[in-house]
Structure formats: C-alpha cells, structure tokens
Amino acid sequence: MFGPMSRSIDSVTELREQFQPYVLKRDVPLMRDQLSLDDGQVTVVETLVGDYETQFSEASDKAQQAQRDGMQRMFESFMGGNSRERFQQSFEKIQADLEQMAVEAGGELPPETRRQYFREQMQKMGEEMAKEREASGAAAETRRIAGEIAQAAEKWRREKADMDAKVLESVKTTLREPQAARWAAFDRFLRREKTLARGRLSGESVNLFAVVDEAGISKDSLAKLGTLLDEYEERLDAALKRRNEYLAQNESKALKAITEGDAKAMEQLADRMIDLRNGVRNVNEESRAAIVAALEAEEGRKVEKAALEAAYGRVYRATRTDRAFRTALELPDLSPDARKAIEDLQALYATEIEAMNQRIAQTIRKSEPEQLKSEAVRATTMLTGGGGVFFDRPQNDATDALFEKRGETGDGYVKRLAALLTPEQAEKLPKGSGRDDGRRQGPFGSWTIAEMPEEARAAAKAADKDGNGVLEGDERRALFQNMRPQDGGGAGGGAPQDQGGNGRGGQRGRQRGGNAN
C-alpha cells in the first residue's frame with residue numbers, strides 16, 4: 001500500500017532526489033576542466049567536496065532512517081487491529097465471487113469487468129474501515145504520525161539545501177577572477193547535468209546538446225547553431241530552476257494533503273507541477289524545432305530523429321519489424337532483385353509507420369499529464385476511506401490500442417518480407433510479435449529498460465542480450481531468474497543513478513556551459 005503512496009507523492013515532489021548529494025568527488029575532474037582549475041585548486045576542491053560528501057552521507061542516512069521508521073509506524077497504525085485479516089478475507093471473497101460470476105456467465109469474465117468489481121468491493125471495504133478507524137481514534141493516530149513525517153521531511157529539505165549551497169559557495173571562493181567569470185555558465189551546466197533527468201513527462205528530460213552530438217552533424221552546421229544553443233541553454237536553465245524549486249518544497253505539502261484527505265489541495269499541487277514540467281518540455285520541443293529548421297534537410301532529419309527517440313523512446317525506438325528489415329538486408333546471400341524489393345517494402349513500411357508514431361506520440365503527450373495528476377490525487381484517499389484503490393490494478397495505458405494496431409501492421413510487413421526470402425533466410429528473422437513493441441507491460445510498467453525504475457535497470461541491461469533496449473521472450477525470463485534472491489534476502493538493487501550526469505550529456509553538451517560567458 002505504501003509503495004503506491006510513495007509513487008503518488010513522488011509524482012509531485014522530488015522524494016527520491018532529496019536524499020542524493022548534489023556533487024560528488026567524481027565530479028571534481030569535471031570542475032577542473034570546466035573552470036580551468038590548477039593542481040592546487042583541485043586539491044582544495046577535492047577536500048571541500050569530500051567533506052561535503054561525508055557530512056551529507058551521515059545526515060542523509062539519518063534522515064532516511066527517520067523517514068522509514070515513520071512510514072513503518074504509519075503502516076502499523078493503519079493496518080492495526082484486524083485490518084490485515086479483513087483485507088485477506090476481502091481478497092478471498094472477491095476471488096470467490098469472480099469465479100462464481102464466471103461460472104454464471106459461462107466463461108472467463110472480461111478483464112475490465114473483473115477490475116471494476118474488484119475496485120468497487122475494495123472501495124466499499126475501505127470506506128467501512130475508515131469509519132471504524134475514525135470512531136476508534138486510530139485514524140487520528142495515523143494522521144499524527146503522518147504529520148510528524150511531513151515535519152521531518154521539511155526539516156531535511158532545509159538541511160540539504162543548506163549543505164548544497166555551502167559546498168558550492170566554498171568551491172566558488174577558490175576561483176580567481178577569470179575562473180569566477182565562468183561560474184554562472186558552469187552552474188547552469190551542473191544544474192542541467194544533475195536535474196534534467198528528473199523528468200516525469202516524455203520529452204521533459206531531453207538534452208538537446210546530446211541530441212545534436214548523437215546526430216553527428218558537421219562542424220560547420222554546429223557552428224551555425226551557436227546562437228540557438230545559447231538561447232536553449234538559458235531558457236532550459238530558467239525552466240529547470242522553476243521546476244526544481246517548486247518540487248523541492250512540496251513533500252511536506254503533499255503529505256499534509258494526504259493526512260487531511262484534501263484532494264483539492266493535492267490537485268492544485270499537481271496542476272502547478274504539471275505546468276512547470278510542461279515548461280521544461282516546451283523549451284525542449286520549441287528549441288528542437290528551431291534547430292531542425294536551421295539545418296540542411298538531411299542533417300535536420302537526423303536531429304529530429306534523435307530528438308524524438310530521446311523524447312518518446314518507446315514510440316520511436318527500433319521495433320521488431322525494423323530489426324527484421326535490417327536483418328534481411330544484411331543477409332550475405334541476398335540477390336539484387338530481392339534486395340531491391342525489400343528496400344521498396346521497407347520504404348513503404350516507414351511511410352505508413354511514421355503517421356502511426358506521430359499519433360501515438362501525440363496521445364502520450366496529451367494523456368501523461370492527466371495520468372500524473374490522477375496518480376497524485378488518488379494518494380489523498382488512502383487515509384480517508386479510499387485505501388482499497390491502492391490494491392487495484394492500473395488502468396490500461398491510453399496508447400495500448402494504438403501500439404496494438406501498429407504491431408499488427410508491423411507483423412503484416414514481416415510476413416510480406418519473409419515471402420521475399422528463401423525459407424532458410426526467413427528463418428533468420430527476429431522471432432516474436434511486434435504487438436508488444438512500446439506497450440507498457442510487465443512488473444515495472446514497461447519492458448523498455450529506459451522506462452524501468454532505476455534500481456531494476458542494471459539487471460535488465462544484463463538480460464538484454466541483443467542490446468535493443470527492450471526485454472523480449474527469453475530475456476524477460478532471464479531477468480526474473482537473475483533477480484531471484486540467492487540467500488532469502490531481497491531481489492537486489494541495480495546501479496544507483498549516476499550523480500555525475502544523466503548519461504545524456506554528450507561531449508559538446510559537457511563543454512557547453514563551462515565555456516560560455
């Protein structure tokens with residue numbers, strides 16, 4: 001139950017990021033390069049950042065433990081008495097009811113019918129339990145504990161902000177006049193590297209400096225983009241500052257809304273949060289359009305492609321059909337006539353699929369903000385009678401039907417492709433179905449590695465044998481085998497988020513900001 005609540009709070013706060021240090025010792029070489037530090041300055045900065053790391057780690061561990069203890073006490077308060085038994089009995093009764101309904105219907109019930117019945121019954125039980133808890137005083141105790149958690153969260157936020165500001169100011173005092181002139185640009189660069197990846201909306205975390213790098217445009221073209229990239233850097237930084245400052249202040253407010261069951265207050269937090277996240281995304285999209293327009297057609301297409309893949313990965317990432325065409329064209333024994341026929345078929349597929357991808361991306365862009373707000377608002381029902389909804393299965397993704405149609409179209413092209421090959425050649429095409437490409441599925445919400453929780457990505461990458469960024473077939477089974485506990489403990493965590501950057505910085509992206517005025 002409290003896992004979903006944490007995710008709901010996370011949608012309007014920086015709950016996860018609040019316990020991460022802003023700078024680390026491994027960032028010192030970056031500071032050296034960006035600010036042209038000499039050896040003596042590097043030694044001083046290493047000491048300053050090392051002391052900050054030690055202080056932050058100790059304080060963060062203490063704050064995290066206090067939060068875990070508080071959440072445990074709140075959980076125990078919420079699930080006290082016979083609550084556990086009642087939940088278990090309710091699950092068993094609902095399952096028996098659904099089995100009986102299936103018998104009476106003469107067959108398996110539609111998934112939506114099952115979800116709706118489950119939702120209604122758990123909601124009813126939650127409301128009954130809420131009334132009982134209010135009468136007994138248990139609800140007041142849970143709210144009291146939640147209030148303490150909110151106060152502790154606000155205390156830690158201020159403590160963290162103070163430590164972050166002090167270490168940066170200390171580093172700044174080591175700079176000489178020419179170096180100090182670079183500080184503002186470096187500060188923008190650092191904020192982009194450290195916080196851009198914290199987006200929740202598709203396109204919010206795009207780094208156009210990395211996109212331009214990955215597109216591989218010429219040096220002359222890159223020089224022409226100088227003014228546009230400078231403008232992008234300034235606009236993006238302003239949008240990030242607004243977003244970050246708002247989210248950092250929201251944890252105690254979100255917890256207060258939950259303890260009071262104030263859906264309106266949470267909705268207001270979510271609305272403002274979505275506006276600020278959209279602000280970051282809009283800067284990326286508007287700047288992308290300007291950059292593409294400033295380039296020659298071919299290079300513009302490269303940048304557009306790289307940007308869309310970065311913004312809407314599960315839409316524009318290579319599909320099974322794309323891989324099938326690539327495999328076919330790489331066959332060493334392909335005849336010239338067959339190659340020409342395959343290339344023509346591939347061009348036809350690309351034209352048809354482009355329109356589908358545009359529609360899917362538009363649907364994602366429209367639906368995500370409402371989904372994010374809904375996730376936040378539903379947390380406010382947990383302590384006031386709607387806790388049952390936290391046991392409900394998530395609603396279907398708004399794009400599921402569109403991905404299904406795209407997959408069916410792709411599968412049709414694979415069949416047409418196979419018909420152009422010999423049986424031996426066709427056997428080498430990728431197995432499976434394109435109907436799962438891009439759809440949110442599995443225990444992590446998606447089989448696309450980039451969209452999985454950070455703690456699961458390392459294990460997922462190890463299982464991704466073909467390196468396409470999506471787990472399929474045997475790769476999924478391998479993931480679960482690797483995540484099984486070996487000693488009765490947990491499944492184990494993946495690699496933590498790279499505090500030295502979000503992995504999208506790019507070489508020019510790293511340089512820009514450190515060398516600007």
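Predicted model: local features only at pLDDT ≥ 70, side-chain atom pairs only at ≥ 80, totals over all residues.
Local features here need pLDDT of at least 70 and side-chain atom pairs count only at pLDDT 80 or more, while totals for chains, interfaces and linings use all residues. Residues are numbered from 1 along each chain as its sequence is written, and side-chain values use heavy atoms, with hydrogens and water left out.

**Stop 1: the second largest pocket**

Select Tyr22, Ala161, Asp164, Arg191 and Glu245, the closest to the pocket's centre among its 22 lining residues. The space inside is about 680 Å³. A pocket is an open set of points on a 1 Å grid over the protein atoms alone, where a 1.4 Å probe fits, with protein on both sides within 12 Å along at least five of seven lines; lining residues have an atom within 4 Å of a point. The volume is the space filled by probe spheres set on the points, which are joined across faces, edges and corners.

Now show α6 (138-173), α8 and α11, the elements that give two or more residues to the lining. Helices are DSSP runs (H or I, at least four residues) numbered from the N terminus. With 8 residues, α6 gives the most. The lining divides into 12 charged, 6 nonpolar and 4 polar residues. Here Ala, Val, Leu, Ile, Met, Phe, Trp, Tyr, Cys and Pro count as nonpolar, Asp, Glu, Lys and Arg as charged, and the others, Gly among them, as polar.

**Stop 2: α8 and α11**

Select residues 183-195 (α8) and 226-248 (α11), whose axes come within 10 Å and cross at roughly 60°. Axes are lines fitted to C-alpha atoms over the stretch in contact, and angles run from 0 to 180 degrees between N-to-C directions. The two helices are therefore oblique (angles under 35 degrees count as roughly parallel, over 145 as roughly antiparallel, 65 to 115 as roughly perpendicular and the rest as oblique). On the α8 side, the contact (heavy atoms within 4.5 Å) includes Arg188, Arg191 and Arg192; on α11, Glu233, Glu234 and Asp237 are among the residues. The contact residues comprise 8 charged, 3 nonpolar and 2 polar.

**Stop 3: α6 and α12**

Among the contact residues are Ala146, Gly147 and Ala150 of α6 and Leu255 of α12.

**Stop 4: α9 and α14**

Finish with residues 208-215 (α9) and 297-311 (α14), where the axes come within 9 Å and cross at roughly 130°. Leu208, Val211 and Ala215 of α9 meet Lys302, Val303, Ala306, Ala307 and Ala310 of α14. This contact has 7 nonpolar residues, 1 charged and no polar.
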